[in-house]
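Hi there,

Here is the structure I promised to pass on to you. Have a look at it first, and then read my notes below.

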Amino acid sequence: MEELKEILWRQFGAVIDMLESSILVCPDRFWDKKDFWYSVYHTIFWLDYYSSVEPDAFSPLQPFSLSELDPDGILPERVYSKQELLVYLEYSRKKCYFLIDNLTDETSKERFITKYKNYSRIEIILYNMRHVQHHVGQLNLVLRQNEDVAGEWVSQTDKKY
């Protein structure tokens, strides 16, 4: 289990590092274009949510709301700044790290159950990682097409808490 936890974190942490890099390289003039900021927010919100042990008790970091859970796709009331989303990303990164770090043979079998999902702890971690990587790819494509910049590739994270 220890080796699996280390591998999961090195790879998931790398994906989160890549998201951070995409945020940091985005020029300020482009932040509120092409819904870039919203894609960043969406990605971090779900990173936070899927890193929850009890999804029914989930509450995002302030000033963020549960608007992402609304089936009508309600957008946040305002554009969130890079700094706000970097703070939320760090919060979610730590939450994800501790979720992985606290895996045991028993907790890995616990279920993440919602109206739409019923996954083991390890499967929701992998699902979450795939979701973040999906959006990192989109963000980098939009950045490259519009600003000729993109976040860096990270093969493994070196961050631990």
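**What I found**

Let's start with R10, which counts as partly exposed because its relative accessibility is 28%; the classes are buried for under 20% relative accessible area, exposed for over 50%, and partly exposed in between (1.4 Å probe, protein chains only). Before we go on, please keep in mind that this is a predicted model, in which local features need pLDDT of at least 70 and side-chain atom pairs count only at pLDDT 80 or more, while totals for chains, interfaces and linings use all residues. Residues are numbered from 1 along each chain as its sequence is written, and side-chain values use heavy atoms, with hydrogens and water left out.

Which residue does R10 meet in a salt bridge? The partner is E6, at 3.9 Å from N to O. A salt bridge here is a side-chain nitrogen of Lys or Arg within 4 Å of a carboxyl oxygen of Asp or Glu. R10 and E6 are about one helical turn apart, because four residues separate them in helix α1. (Helices are DSSP runs of H or I with at least four residues, strands are runs of E with at least two, and both are numbered from the N terminus.) E6 is partly exposed too, with a relative accessibility of 42%.

The structure holds 14 salt bridges, and here are two others. R29 pairs with E147, with their closest N and O atoms 2.7 Å apart. This pair links distant parts of the chain: R29 sits in the loop between α1 and α2, E147 lies in helix α4, and 118 residues separate them. R29 counts as exposed at 58% relative accessibility, whereas E147 counts as buried at 18%.

D148 bridges to R144, and the closest N and O atoms there are 3.5 Å apart. D148 is exposed at 56%, while R144 is partly exposed at 43%. Elsewhere, salt bridges with shared partners join D17, E20, E90, R93 and K159 into one network.

Enjoy exploring, and write back with any questions!

Best wishes
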